[in-house]
Amino acid sequence: MSSQGRGPSTQIDDALWSAIGDPTRRRLLDLLLVEGGGTATSLGEQLPVTRQAVAKHLGVLDHVGLVSSVTSGREKRYHVDEAQLAHAVSQLASVGSTWNARLQRIKRIAETIQHTRQEQPRQEEQHD
Amino acid sequence: MHSKELGTIQRELLIEAAPEVVFDVVSKPEHLKEWWPDDARYEPTPGSAGEIIFINPEGEGDSASFTVVEAIPPRVFSFRWTHPAGETAAEGNSLLVTFELMPREGGTSLRMTETGFREMGWEAAVLEEQYREHMKGWDYFLPRLAPYIATLEKRL
């Protein structure tokens, strides 16, 4: 039994969530998927950030394995690592039920109260 | 609303109960803690600042700030949460949750909107994951990733 209650992969997953939690990095992933790959220069031309900023973001994505690179001429050419992206997506998909679960509880509680009130109409009328 | 904000999630469902009943359930602390945190301390009136408490696996309580924004029974209840303790809740430092209630034949249509994930999604996800293993996180970027999923499914 782990006293921490969290798995050994937590650190990696935290980094993965953090990496994908940034809007610029998500746009980079979008572009890489659409175009099948790109360099800091080619991606920077399509985003309102500097080439240096793009390179830094790509480094973060590379660190968590969401992208990998091969050297192409003077620059690294990046592409999306689909296995790691699938891993991220499955994590995100598993959390999609959070509000659904809360709302189902709200529904159940409200409907229980409603039924209880309908079964005791005389009590409410006595408030007059 | 904040339609331009990335990371807005919205849900709508029909509840077979009067709007007044549903309003009580989404707004009153004694009901809130039945469907979400382990404890809730606030007054359900606009501007009221309080906290919601999550019990972690070690049995200790951890609190998140909770401030009521609007309370218009039985139509609208909204609040901000996750802002740093001591700070006034505002756009940029917190998540905004809005419940809108509409009377329907046989009950109430309840719409829930949550915005602010651009800034807060990660923090919220960490909080949730730490204290609720079965409810770990939020679907902040799920809508954005849906096209990716489709791409992957085609190839699998």
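Two strands pair if DSSP finds at least two bridges between them. Helices (H or I, at least four residues) and strands (E, at least two) are DSSP runs, numbered from the N terminus. Keep both in mind for this predicted model.

Housekeeping first. Residues count from 1 along each chain as its sequence is written, with chains lettered from A and ligands numbered from 1 in the order written. In this predicted model, local features need pLDDT of at least 70 and side-chain atom pairs count only at pLDDT 80 or more, while totals for chains, interfaces and linings use all residues.

Confidence next. The model has ipTM 0.72 and pTM 0.57. Residues 1–6 of chain B fall below 50. So does the pLDDT of residues 121–156 of chain B, which stays under 50.

Now chain A. Strand 1 (residues 67–72) and strand 2 (residues 75–80) of chain A pair antiparallel over 6 bridges. A:Ser68 faces A:His79. The hairpin has 2 residues between the strands, and A:Gly73 takes a positive phi near 65 degrees there.

On to chain B. Its open sheet has 7 strands, ordered 1-7-6-5-4-3-2, with antiparallel pairing. Strand 1 (9–15) and strand 2 (39–41) of chain B stand at the edges with a single partner each, so one side of each has no neighbour in the sheet. Strand 3 (residues 49–55) of chain B joins strand 4 of chain B through 7 bridges. B:Ile53 sits opposite B:Ser63 there. In the loop between strand 4 (61–72) and strand 5 (76–81) of chain B we find B:Pro74. The peptide bond from B:Pro73 to B:Pro74 is cis, omega near -5 degrees.

Last, how do the chains meet? Helix 6 (residues 98–119) of chain A packs on helix 1 (residues 19–27) of chain B at about 135 degrees, axes 9 Å apart. Axes are lines fitted to C-alpha atoms, for helices over the stretch in contact, and angles run from 0 to 180 degrees between N-to-C directions. That makes the pair oblique: under 35 degrees is roughly parallel, over 145 roughly antiparallel, 65 to 115 roughly perpendicular, and the rest oblique. Contact means C-beta atoms, placed from the backbone, within 7 Å. From helix 6 of chain A come A:Ile106, A:Ile109, A:Ala110, A:Ile113 and A:Gln114; from helix 1 of chain B, B:Val21, B:Val22, B:Val25 and B:Val26.

Conventions: pLDDT = per-residue confidence, 0-100. Contact = placed C-beta atoms within 7 Å.
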